[in-house]
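Please keep the structure in view while reading the points below.

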Amino acid sequence: MMFLGLLASAGSASAWASSELVLQLETSLTSDSNPLRFYDGNAATAQNGNVDTSDKVRGIDVRAGAIIPVLSDRTRLILTGDLGKRSYQHYQGLNHQTKAGDATFEYAIGDVVSGRINAGKEDRLFQYINGSLTDKDISHYGQQGAELTLKITDELTIPVKADRSSLRYELGVNQLYNFHQQGQQASVRYYSPTGSNIEAGLRMSETNYPNRDQQQLADLDKHYRETEAFLEAEWKYSVKTVASAHLGLIRRRYENLHELDTTLFSTLVRATYFYSPKLRLDMQLWNRPFTIVDPSILYVIAKAARLDAQWKVSDKTQLNFSGMLQDSDQKLVPRLAEFQNEISRKERELRVGFGMSYEIDRGLKFNIDSVAERLTREGSLPGLRQAIIKIGLEYTYENLPGSAAKMGLKRYQHSLSNSDALR
């Protein structure tokens, strides 16, 4: 891994005297009732001839990270990464390695200028949708970004961002969704004396799909520009209660197929209530668009409500629960839809999650992570069910307590039961 190579070449041991170092090992066993997400009534045939939609997956992961101060604690280099392996009992063709690495340089120049420069890569298994694809595909995602914040006064700051990202699939059938994207964002943020803040800004981006053939270009185009005018706010109502909101107006314009042009709204509202030092409740409401790998679907509008609860039962035991209800409206490309002139297709998703962690000894944890999902579709179309439970044993070495959390190593674990935005 790139970040391990950087660690190895960093010089003498004395150079690391003030650094924070983390090494994390995890082994797990996952039972998945429907890894390829077949619709109800459809059966999958594993490579060994066994007819079943379920499978068991063994996993092993090695994660590591370092925080290296440069001149001061406010100017530092953060290196993190993960290398893992997944082995399937029946669908052995899905066996694969996971890889991820991130490098972030955070800097501060006096009290006026601060920012960060970051780059990262991640290789992971394709996120299967509806059983229409059963071959293994690996997605390769990369991103680079830079952010600068200019502090005008104690109440007023100006954040500016620029980023680039790319996604590449190995399987030919998915390569029409390989993309390159670059964007810029500027905003103004105001902080009140109570700690609340409000931000208004504009984001512009361009997205290109370099691997589409002539027919795909005629159906889906190759390039679009997008602008989003947004308003964000965080309200600290009390010591126990915090609420935040994101409101965005997104305008997408295609290069040639102007009939695909659209204007969309994006809304996300969150509220956190610390009922006690041991119990935290989080609510999220959203109405936002996203895309999926299906050439007949232009985009999806999702409206959802989600509730998360985190309960620290004792110093060693922590539980978390989640429930989500989401209605999705799939906006179709009419000429590519299954039924001629079909405009949209609606789905409802119900997800319930449960997780637990128990600290057996210092640095050694036993984890359970699980989710159950039921998807229903309008009309007489078949639905989808999936239940996943993962049991894992995790050992973490850190030379300073809390370093793993500070580095955000949990982002490589892709939680089933917990909202990643709240971890």
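The model is a predicted one.

**The nonpolar surface patch**

- Leu150 is part of strand β6.
- Together with Val112, Leu148, Ile152, Ile158, Val160 and Val188, Leu150 makes a nonpolar surface patch of about 500 Å².
- Two elements, β6 (138-151) and β7 (156-169), each give two or more residues to this patch.

- Ser205 is found in strand β9, which covers residues 197-208.
- Is Ser205 buried or exposed? Its relative accessibility is 8%, so Ser205 counts as buried.
- Leaving aside neighbours within four places in sequence, Ser205 is in contact with Gln181, Gln182 and Gly183, and also with Tyr224, Arg225 and Glu226.
- Trp286 lies 81 residues from Ser205 in sequence, and the C-alpha atoms of these two residues are 22 Å apart in space.

**The cavity**

- How many cavities of 30 Å³ or more does the structure hold? There is one such cavity.
- The volume of the largest cavity is about 40 Å³.
- Its lining is formed by Arg306, Ser322, Gly323, Met324, Arg351, Val371 and Leu416.
- Strand β15 (residues 317-332) gives the most to the lining of the largest cavity, with three residues.

**Salt bridges: Glu26 and Lys390**

- The structure holds 24 salt bridges.
- One of them joins Glu26 to Lys390, and the closest N and O atoms of this pair are 3.6 Å apart.
- This pair links distant parts of the chain, since Glu26 is in strand β1 (residues 20-32) and Lys390 is in strand β18 (residues 384-398), 364 residues apart.
- Glu26 has a relative accessible area of 5% and is therefore buried.
- Lys390 has a relative accessible area of 16%, which is under the 20% limit, so Lys390 is buried.
- Glu26 and Lys390 also belong to a network of salt bridges that includes Arg63, Asp82 and Glu394.

- Arg348 forms a salt bridge with Asp327, with the closest N and O atoms 2.6 Å apart.
- Here too the pair links distant parts of the chain: Arg348 belongs to strand β16 (residues 344-361) and Asp327 to strand β15, 21 residues apart.
- Arg348 is partly exposed, with a relative accessible area of 41%.
- Asp327 likewise counts as partly exposed, at 32% relative accessibility.
- The side chains of Lys346 and Asp329 also meet in a salt bridge, at 3.9 Å from N to O.
- Because Lys346 lies in strand β16 and Asp329 in strand β15, the pair ties together parts that are 17 residues apart in sequence.
- Asp329, by contrast, is buried, with a relative accessible area of 15%.

How values were computed
Residues are numbered from 1 along each chain as its sequence is written. This is a predicted model: local features need pLDDT of at least 70, side-chain atom pairs count only at pLDDT 80 or more; totals for chains, interfaces and linings use all residues. Side-chain values use heavy atoms; hydrogens and water are left out. Patches are made of residues with over 30% relative accessible area and no salt bridge: like charges are joined within 9 Å, nonpolar side chains (Val, Leu, Ile, Met, Phe, Trp, Tyr) within 5 Å. Accessible areas come from the Shrake-Rupley method with a 1.4 Å probe; for residues, only the protein chains shown count as cover. A salt bridge is a side-chain nitrogen of Lys or Arg within 4 Å of a carboxyl oxygen of Asp or Glu. Helices (H or I, at least four residues) and strands (E, at least two) are DSSP runs, numbered from the N terminus. Buried means under 20% relative accessible area, exposed over 50%, partly exposed in between (1.4 Å probe, protein chains only). Contact means heavy atoms within 4.5 Å. On a 1 Å grid over the protein atoms alone, a cavity is a set of points where a 1.4 Å probe fits but cannot get out, and a pocket is an open set with protein on both sides within 12 Å along at least five of seven lines; lining residues have an atom within 4 Å of a point. Grid points are joined across faces, edges and corners, and a volume is the space filled by probe spheres set on the points.
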